[in-house]
Amino acid sequence: MFGFLVRRIVQSVFVMLAVALIAFMMFRFMGDPVNSMVSENASVAEREEVRARLGLDQPLYVQYARFVTRAAQGDFGLSWRNARPVSTLLAERFPATAELVLVAAGLSLVLGIPLGILTALRPRALSTQTLQFISLVGISLPTFVTGILLILTFSVWLGWLPSFGRGTVVDVGWWSTGFLTTTGLKALILPSVMLCLFQLTLIMRLVRAEMMEVLRTDYIKFARARGLSDRAIHFHHALRNTLIPVITIFGLQLGGLIAFAIITETVFQWPGMGALFIQAVSFGDVPVMAAYLVLVSLIFVTINTIVDLLYVVLDPRLRVDGARGAH
Amino acid sequence: MALLTVENLTVTFPSRHGSTNAIENVTIHVEPGEILGMVGESGAGKSMTGAAIIGLLEPPGHISSGEIRLEGERIDNLPPAAMRRIRGRRIGAIFQDPLTSLNPVLTVGDQLIETIRAHLPLTKEAARERAIDWLRRVGIPAPEKRIDTYPHQYSGGMRQRVVIALALCAEPRLIIADEPTTALDVSVQAQIIALLRRLARETGAAVVLVTHDMGVIAETADRVAVMYAGRIVEVGPVAEVLTHPRHPYTAGLMASIPRIGPRPEILPQIEGAMPRPASRPAGCAFAPRCPYRIDRCIAERPALRGTGAAQVSCHLAEEIPV
Ligand SMILES: Nc1ncnc2c1ncn2[C@@H]1O[C@H](COP(=O)(O)OP(=O)(O)O)[C@@H](O)[C@H]1O
Ligand SMILES: [Mg+2]
């Protein structure tokens, strides 16, 4: 277990170094940054002076090493747009995205797993057919369309829920949360529903397929032959085996949620990192883009490591121990 | 009184192209404490008979006629909850593949304790004691330690021992063992059969032992039932049926005994193949392959008849040379 963890962390470090390299290269592809910092009629000497001050005259690998060292400490320099530290900008925006993604992920699990189980246990019921149909629609509609439909229904026609923003937020330390006010909670509903819809249908269908598969296995047949109750068979014997593969997909999708949040945040003018990223793209604000890339990758890598660890915890076959294969 | 009687049992699978009978008019009985061997080619209906007895036919398959009685009480039409209390407690089942019969994510102890507590009013601690005791009885070394390990930490033979413990831990009167050694190493097959026979004797349980291995039948069973294409073609005391088979199909099976190793799924000694349920001939199902076939065999289905312990379903039972 410990060796596995160490191996995963070493792997993760290499992945992050590669990501950092890509982020670092972005600065190059966007043209000579000195151009955007000095006035157009600056002399060559002035330019060289700026270049030296920014360290851009040094060999690339030195620059990369410096980029990595700073990034590791959370320092991504100043935003080219408003000259504020990139780390501060991200820290301001992070809670909004985190809360949105958290609620969406929670919804998709809390609804997706029971619905998947239900539809697996009653494959022929009308409710199952209906859910399967709805989920097919849910999985095929582009998320921005569902977002706009949600706004149209619940904000424009019914007027129940706000169509943009986070409502009132409360600061808890540096974290600004929408969980503590009614408007904050109401504002969370539509965006998190929009964001979770794809994931929810995916989890429901996956749980259903896995559960039906598991219910056909010999060990379930044998459990029935021993006279165990349906409840024990479904929830003690089948569910664990069902959830093992579901967890991997969920972990991968959690990263996807952060990426998809860009669209949701745009549709709902949600003041999160995704919206910040879109702004940065339109202004060519490379430090913010690079920092976003690195941060999101870090979250991806962390989640994947946690998922792999969970997998080992849940599936005893993956645990390496002394007793294995003893006769 | 017989422990189990199955009378004229027919299991039907309806489908869009008309329904088929997986087994037809199966009649067998099992006496307390005896071992009834069941033989027949793959697809003959042995597992289906077992599934019908424990009430676990897979829908849309269902019992379309006939009766099953356990200690005189009808069990083929019980509500699910009542049937569930019979499974494990009064009828235990052992399946073919020990590698897939155990839940991989639960410890052996979890599975045993859960099964014991499903049928017996025991505390967790008492159930655990009983589970350890059963592991010891089926020959698992250091059961106090092994109880908390997972199935993948056992070898195939050891897993089948665990499966046997699971099937027997609530002391059922009847055990249906469906090819319990087919998936195992030849070297451990005999051990498992011996274990099963010893435990059955110790607990007084009767066993329906489904196997391809006529050698095992000869050594282990008291009586043997031969199945062919969904029907019983011959049944009787082992000594009698094996030495004087009266059905040509049984005689053909006997011819395969001297072979060593796993039995062939189809019989090279008898030309042709067993018909599928949908294409079963109107008369005797064995007629197309039978060297002694007469016109009557094709026209009329022979009933299972006979006096005394042995019964056979063949028009020519009296005339065929043995
Ligand atoms: N789901 C099903 N639908 C229709 N027929 C089936 C189904 N399952 C099994 N059968 C038929 O039942 C017959 C008996 O099968 P089985 O009891 O498994 O044979 P055995 O155990 O003797 O090898 C086979 O001929 C098979 O074709
Ligand atoms: Mg079978």
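This report covers the fold of chain A, selected helices and loops, and the annotated spans of chains A and B.

## Basis of the model

The model is predicted: local features need pLDDT of at least 70, side-chain atom pairs count only at pLDDT 80 or more, and totals for chains, interfaces and linings use all residues. Residues are numbered from 1 along each chain as its sequence is written, chains are lettered from A and ligands numbered from 1 in the order in which they are written, and side-chain values use heavy atoms, with hydrogens and water left out.

## Chain A overall

Chain A has 11 helices and two strands. Helices (H or I, at least four residues) and strands (E, at least two) are DSSP runs, numbered from the N terminus. Along the sequence the order is α-α-α-α-α-α-β-β-α-α-α-α-α. The C-alpha atoms fill a box of roughly 85 × 65 × 35 Å along the principal axes.

Of the 327 residues in chain A, 42% are buried. Buried means under 20% relative accessible area, exposed over 50%, and partly exposed in between (1.4 Å probe, protein chains only). Contact means heavy atoms within 4.5 Å. Among contacts in chain A with a separation of 6 or more, 71% join residues 24 or more positions apart.

## Domains and annotated spans

Chain A is assigned domain 1 (31-73) and domain 2 (92-326). These bounds come from an automatic or database domain assignment. The C-alpha centres of the two domains lie 42 Å apart.

An unreviewed UniProt entry annotates "transmembrane region" at residues 12-31, 100-121, 133-160, 188-207, 243-263 and 290-314 of chain A. UniProt positions are given in the numbering used here, feature names are shortened, and annotations may be inferred rather than shown by experiment. Residues 243-263 of chain A are 100% helix and 0% strand, with end C-alpha atoms 29 Å apart. Residues 290-314 of chain A are also 100% helix and 0% strand. Their end C-alpha atoms lie 36 Å apart.

For chain B, UniProt lists "domain: ABC transporter" (unreviewed entry) at residues 4-254. That span is 40% helix and 25% strand, and its end C-alpha atoms are 27 Å apart.

## The H10-H11 pair of chain A

Helix H10 (residues 273-283) and helix H11 (residues 286-314) of chain A have axes that come within 9 Å and cross at roughly 145 degrees. Axes are lines fitted to C-alpha atoms, for helices over the stretch in contact, and angles run from 0 to 180 degrees between N-to-C directions. The crossing of H10(A) and H11(A) is left-handed. That term applies if the near helix is turned anticlockwise from the far one by less than a right angle; clockwise is right-handed.

On the H10(A) side, Met273(A), Gly274(A), Leu276(A), Phe277(A), Ala280(A) and Val281(A) take part. They meet Val288(A), Met289(A), Tyr292(A) and Leu295(A) of H11(A). By class, this contact has nine nonpolar, one polar and no charged residues. Ala, Val, Leu, Ile, Met, Phe, Trp, Tyr, Cys and Pro count as nonpolar, Asp, Glu, Lys and Arg as charged, and the others, Gly among them, as polar.

## Helix H8 of chain A and its cover

Helix H8 (residues 218-225) of chain A buries Tyr219(A), Ile220(A), Phe222(A), Ala223(A) and Ala225(A). Their cover includes helices H7 (182-215) and H9 (230-267) of chain A. It also includes strand E6 (91-94), helix H3 (98-101) and helix H7 (156-168) of chain B. Just after H8(A), Gly227(A) takes a positive phi of about 80 degrees.

Thr264(A) sits in helix H9 of chain A. Its relative accessible area is 1%, so Thr264(A) is buried. Beyond neighbours within four places in sequence, Thr264(A) contacts Leu100(A), Pro191(A), Met194(A) and Leu195(A).

Ile148(A) belongs to helix H6 (residues 143-157) of chain A. Ile148(A) is partly exposed, at 48% relative accessible area. Ile148(A) and Thr217(A) are 69 residues apart in sequence and 43 Å apart, C-alpha to C-alpha.

## Helix H1 and backbone features of chain B

Helix H1 (residues 46-53) of chain B is largely enclosed by the rest of the structure, because six of its eight residues are buried. These are Lys46(B), Thr49(B), Gly50(B), Ala51(B), Ala52(B) and Ile53(B). Just after H1(B), Gly55(B) has a positive phi of about 70 degrees.

Most residues other than glycine have a negative phi, and most peptide bonds are trans. Pro59(B) and Pro60(B) are joined by a cis peptide bond, with omega about 5 degrees. Pro60(B) lies in the loop between H1 and strand E4 (62-70) of chain B. Ala142(B) has a positive phi near 45 degrees and is partly exposed at 35% relative accessibility. Ala229(B) has a positive phi of about 45 degrees but is buried at 1% relative accessibility.
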